[in-house]
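Student: I am new to this structure and would be grateful for a close look at one part of it.

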Amino acid sequence: MTNEFIAVDWGTTNRRAYLIANGAVLASEAAGPGVKSMPQGAYEVEVAGIRQRLGELPMLLVGMVGSTIGWREAPYIDAPASIARLATHLCRIDGCTAIVPGVADRNRPDVMRGEEVQMLGAVAAGLVPPDAILCQPGTHCKWATLQDGAISRFTTTMTGEIFALLKDHSLLGPQLAYPVMDDDAFAEGVAAVGEDLLAALFRIRAASVLGQRKDIAAASFASGLLIGSDVAARQVAGRTVHLLADPVLGQLYARAITIVGGQANFIDSKSVFVAGAAAIQGFTR
């Protein structure tokens, strides 16, 4: 009996599909539309197309495809969430197609959908210990605490979105038009954490008007201020944070983590997604 299957990471704006066997990727495609671009009733056609290209195999769907704006809502399971609990709460479309549920913390409240497979996959792949702190930076940054190999609690922060809003819709727009760099200005922003955040943001404008900081350094300072605030709130001094991130954004978070006294460890997001999906699929056979 074959253990091949297809795992699809189906987010809001992008879709990636992987043909997996024995935990290894045999083929993949990354050109599919995200949930936001899917017309009503088109999922069956898209799924059939993926199978036509990658094989008539069981399929595991992950991410926003299981949200209220996706194909079918896969209800959240409550934390603590393990690979086994995700596997036992799959939303079945048919006998060969299932959607992985998201994870909820109803006390805080908070939710995640898609990140849980990567985070738990990092444990399944042996890349992080069963008790660990994980961070997945992005528009909405996810911080998770793992205990005994399960997501016990997590926090979502709007760090990336706040920066984008400030850049595109605030009086700081002209100053934030330059690229963010991992430089002295970024480190200065991280070091400024602990001051009044809202006042520190306005001082970006004031420093420009008074000629005290060149505009070319303003975006890096602002990014350091926001990322530094995010990192400092997690109290990671003396601890290791496992980062699931692209190299550019990951390096900024790693720098901030180091400045506040923590240690950063980079994890490849693609490999842990594959490991997480394979672990979930293993429970269904």
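Student: In S4, which residue is the bridge partner of Ile-6?

Tutor: The bridge partner of Ile-6 in S4 is Met-59. Some conventions come first. This is a predicted model, in which local features need pLDDT of at least 70 and side-chain atom pairs count only at pLDDT 80 or more, while totals for chains, interfaces and linings use all residues. Residues are numbered from 1 along each chain as its sequence is written, and side-chain values use heavy atoms, with hydrogens and water left out.

Strands (E, at least two residues) are DSSP runs, numbered from the N terminus, and two of them pair if DSSP finds at least two bridges between them. S1 (residues 5-10) pairs with strand S4 (residues 59-62) in the parallel sense, over four bridges. With strand S2 (residues 14-21), S1 pairs in the antiparallel sense over six bridges. Three residues lie between S1 and S2, which form a hairpin, and Phe-5 stands opposite Ile-20 in S2.

Buried means under 20% relative accessible area (1.4 Å probe, protein chains only). Six of the six residues of S1 are buried, so the strand is largely enclosed by the rest of the structure. Both of its faces are covered: Ile-6, Val-8 and Trp-10 are buried on one side, and Phe-5, Ala-7 and Asp-9 on the other.

How values were computed:
Buried < 20%, exposed > 50% of the residue type's maximum accessible area, 1.4 Å probe, protein only.
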